[in-house]
Amino acid sequence: MLMPAIVWFIIFLYKPMYGLQIAFKDYSIFRGVADSPWTGFEHFETLFSNDQFIRAFWNTIKISALNLLFGFPAPIILALMFNEVINATYKKTAQTIVYLPHFISSVIIAGIVITAFSPSVGIVNTVLGWLGIDPIYFLTKPEWFRPIFVGTGIWQEAGFGSIVFLAAIAGVNPSLYESAVVDGASRWQMMWRITIPSILPTIIIMLIIRIGNVMEVSFELIILLYQPATYETADVVNTFVYRQGLQSGRYDFAAAAGLFNAVVAFVLVMVANTLSRRYSRTSLW
Amino acid sequence: MRKLLLSSAIAAGMVAATPTVAQDHLKIVEGDPLELTVQMNHARYPVYEESWPVEQQAREWTNVHLIDVTVGANMRTDENTGKTEALNLMLASGKIPDIVGSSRIKDFVNQYGPEGAFLPLNDLIDEHAPNLKKFFEEKPEIAAAISAADGKMYYIPYLPDGKYGRAYWIRTDWLDALGLDMPETVEDYEKVLRAFKTQDPNGNGEADEVPYFARQWPELIRLVTLWDGRSSGSDTSHDFMVVDGKIEHPYAGEGYREGIKNLARWYEEGLVDAEIFTRGSSARDFLLSENLGGSTHDWFASTSGYNRLSSDIEGFEFKAMAPPASVSGKRIEEHRRIPIKPDGWAIGGTNKHPVETIKYFDFWFTEEGRRLANFGVEGMHYDMKDGKAIFKQEFLDQGPVNRSLYQVGSQLQGRGYYQDYDYEIQWSNEFALEGIKLYDEGDYLIDQFLGVAFNADEQKIYDRHWGSVRDYMLERQQAWVLGNGDVEAEWDDYQSQLEDLGLSKVIDVMNSAYKRQYGG
């Protein structure tokens, strides 16, 4: 039963690692991976001597931190709220509605965001207009990029992300609630004292996984939304690599940046896992 | 429905086309036809269709059959990256077809040609391709421009004909409605744009007019030429330029600073579309058909077509205007059709029939071949009248003629051929022709930078610095125009930052490559 998974890992994860060596080579697609000459750490030096890369690195961290701070609790809160809804029809309808954005492609999402925040016809500026505020050209203001991006991410993924927590809640032993009712606990107390502690292991595992993905902000959405005017806050490592590496065919350089990304993510996961094992005795491994 | 019409038109054409004259002198191989594989993915069409009438005609004349083996075909509109990706994919797959045609092929073949992926063409042309040889002898600057750093040619370019590309356009009926004259200077132009904004030329009682708009935001930056700045030296946005035989970058010059300062002012006053950076390619369509847009800078042929809106919007008239005189009195049109594109085709390094292939390339530079590449098939798409190819009326009526042409295999950017501007004149409308005449009389065009080919060391320096310099330039540019920064206050800082990022190193390698390639 394990075979398909092992085969998948070998073909799609281990075999491509062979190609990682181009990060240390002057790679020519024509000559191929094996025949391209070695250059040592040249690509890494280029990378770290580039201020825009450093900026992109910190932007990645900042956007991810915001995502973690606001985006991580959102599905948990949503799941807890769904759990308290009594009317089944209402609950199902609401769940379907919040799941839907997850299935919309980033291109469409970007189109919706651009239109919603447009200074002339966008709904946001229309509402601001009613309040007597002048239209703001949100998508060209560096200070607005992160809130818009993180907010869009929450809107798109919070509903779908809540499924795993709902499943965890469904697994809580009902006798705990029954005895709490007998003891006269309020619903609020039951949530704090029973539901949340019971799903805490799930929350921590999800958090560790999430930390591992810190460097992987959804860059296709950034590419669709950013402008040179907002590079200052919007440019992340992946978009930087795309612009300066892949667009001009510098695969070796892009591979170096990707490798660096992976190393950072690996360190973060290790740290999160160790901390979690030490303090909560829950861990991925 | 359209498809049906097209195929029935082709079928009808077939019947009429049969009695073509035998063209034995064009035959490249005798006996069995020679089959050559081809990768062709360019901005206009993602594959090479063997059923194209033009290919069928070429087969009949040359006895060479192109067999499509294109990888990475996609319909992406982002032509620059999409097509390069297809080329990279082809190379990574390890099989290089006999012929490789693409948009943006120049840098690609100039990088991988010397490594052996493509054949150098100089000797082949000298010995086997009289028409190509004659062409390059007459235009040595083109031969210089396409050569790689080792001095050899690796591809035959698509060579656009005709000079004019983009022009200034303005709603002349709005000028009339407000009693204004055609603007002659930058001051006039500003007044006109302000009047568009404040005096309600569309008459709906709201100040919803968008005086200056553009489909591509670099066309806003183009306006710095009105303050003696420059936005690009070639038909590619943000490109380097040649000043007195030396390469410079337009975004580091004084005129640019002055221009950006004024454009920021225009933007703040609402003379420029507030959404210019995000409205995108539908801007022209939307703003003109909603009767909101006043003036733009865009292509002759496609923009003049919007005059058809006069059937919906009373009095609608969108005409080309001469470039307004800059603050120092110069009238220039920075954009023009470049005489040579980085598009075309090359011979794969593993091709077993290089001589036949170069003869085949040469075929497209013969009189018959060139006509085939430009106008399609005689009797099917055009007829000969007084020695000139004249499109059939039913072909002209099928919709945009350039699109109809590349659907039958003509006007392909992935084919090395010399365009004949006559093809375009035949379907340009009166507004375009009138505009072109205006620009012809004024002689507003300026010379262009045709690009350089780097050697490996130069390429390394360019790669290392240019991406960052360019990103920084565009970032500051948009910030200044949008008022998120002040060009006057930040200029010195900007210059020293450009220096830190390595602009002068990039300029140095540009200059050394330029000198090697063009002499002087």
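**Exercise 1. Which residues of the largest nonpolar core touch the most other members?**

Begin with the term: a nonpolar core is a set of buried Ala, Val, Leu, Ile, Met, Phe, Trp, Tyr and Cys residues joined through C-beta atoms within 7 Å. A residue is buried if 20 or more other C-beta atoms lie within 10 Å of its own, exposed if 12 or fewer, and partly exposed in between, with the C-beta atoms placed from the backbone. In this predicted model, local features need pLDDT of at least 70 and side-chain atom pairs count only at pLDDT 80 or more, whereas totals for chains, interfaces and linings use all residues. Residues are numbered from 1 along each chain as its sequence is written, and chains are lettered from A, with ligands numbered from 1, in the order in which they are written.

The largest core has 135 residues, and Tyr155(B) and Ala346(B) touch the most other members. Helix α20 (residues 456-482) of chain B gives the most to this core, namely nine residues; helices here are DSSP runs (H or I, at least four residues; strands are E, at least two), numbered from the N terminus. At least three residues come from each of domain 1 (2-161 + 339-430) and domain 2 (166-336) of chain B, whose bounds come from an automatic or database domain assignment.

**Exercise 2. Which residues of α11(B) and α21(B) make their contact?**

First describe the packing: helix α11 (residues 254-269) and helix α21 (residues 487-501), both of chain B, pack at an angle of about 145° with their axes 10 Å apart. The axes are lines fitted to C-alpha atoms over the stretch in contact, and angles run from 0 to 180 degrees between N-to-C directions.

Next list the residues: α11(B) brings Arg257(B), Ile260(B), Lys261(B) and Ala264(B), and α21(B) brings Val487(B), Glu488(B) and Trp491(B). Contact requires C-beta atoms, placed from the backbone, within 7 Å. By class, four of these residues are nonpolar, none is polar and three are charged.

**Exercise 3. How many residues of chain A are in contact with chain B?**

The count is 26 residues of chain A, in contact with 24 residues of chain B. On the chain A side, the elements that give two or more residues are α13 (231-234) and α14 (237-246).

**Exercise 4. Why does helix α8 of chain A lie largely in the open?**

Count the buried residues: of the eight residues of helix α8 (residues 123-130) of chain A, zero are buried, so this helix lies largely in the open. After α8(A) comes Gly132(A), whose phi is positive, near 80°.

Note on methods
Two residues are in contact if their C-beta atoms, placed from the backbone, lie within 7 Å. Ala, Val, Leu, Ile, Met, Phe, Trp, Tyr, Cys and Pro count as nonpolar, Asp, Glu, Lys and Arg as charged, and the others, Gly among them, as polar.
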